[in-house]
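Here is a short briefing to read alongside the model. Let's start with the rings and then move on to the sheet and its helices.

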Amino acid sequence: MIAIVDVYYESEFTRTAVVLIQYWEDECPVREYVHEQAGEQAEYIPGRFYERELPCILSTLEQVEEDVGTIVIDGYVFLDSDGRKGLGAILHEAINESIPVIGVAKKHFFGSNAIEILRGNSRNPLYVTSVGCNLNTAAKHIRSMQGEHRIPTILKLADQLSRNKS
């Protein structure tokens, strides 16, 4: 299974969504998990995004009953070509490097070694990074996902579920 993960913040809680698909080209999920955690959230600090998201992601992934072969996050795996770790790399370490992690970001992080991909008719790229799998293969997987627009359908679904929108 491929787990697509997204996290949303409100002042008094965090909601994390995990959407599972069997194949990269799937349009419909196999299963969805949504987990809400009460409490104040860590402050956002550029380059230390993981401090906010990692605890939420780990607690939600613990609920997933299916075998996950790849995790896709909304963000970067590595922040620069020197290997400075982003959320994806830190998540990969936290799960004992047992599952490849692909990061998909909407904004460019200066100095990253992300592969830019264009989807649909969008002139704005997505930025793909990875650990545990080849970066070119990761970009190919994200490019192959369903949807006519910049953001693949399943990634958009994870975002909507985390925001509690249908």
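How many aromatic pairs does the structure hold? The structure holds 1 aromatic pair, where rings of Phe, Tyr and Trp (its six-membered ring) pair if their centres lie within 6.5 Å. This is a predicted model, in which local features need pLDDT of at least 70, side-chain atom pairs count only at pLDDT 80 or more, and totals for chains, interfaces and linings use all residues. Residues are numbered from 1 along each chain as its sequence is written, and side-chain values use heavy atoms, with hydrogens and water left out.

**The aromatic pair**
- The ring centres of Y76 and F109 are 5.9 Å apart with planes at 55 degrees, so the pair is tilted (under 30 degrees counts as stacked, over 60 as edge-to-face, the rest as tilted).
- Y76 is buried at 8% relative accessible area, while F109 is partly exposed at 24% (buried is under 20%, exposed over 50%, partly exposed in between, with a 1.4 Å probe and protein chains only).

**The sheet**
- An open, mixed sheet is formed by 7 strands in the order β3-β2-β1-β4-β5-β7-β6 (strands are DSSP E runs of at least two residues, helices H or I runs of at least four; two strands pair if DSSP finds at least two bridges between them).
- β3 (31-38) and β6 (115-117) each have a single partner strand, so one side of each lacks a neighbour in the sheet.
- β6 runs antiparallel to β7 (residues 126-131), joined by 3 bridges, and I117 stands opposite L126.

**Helices**
- Helix α4 (residues 153-162) lies across β1 (2-9), β2 (13-21), β3 and β5, at about 150 degrees to β2 (angles run from 0 to 180 degrees between N-to-C directions of axes fitted to C-alpha atoms, for helices over the stretch in contact, and contact means heavy atoms within 4.5 Å).
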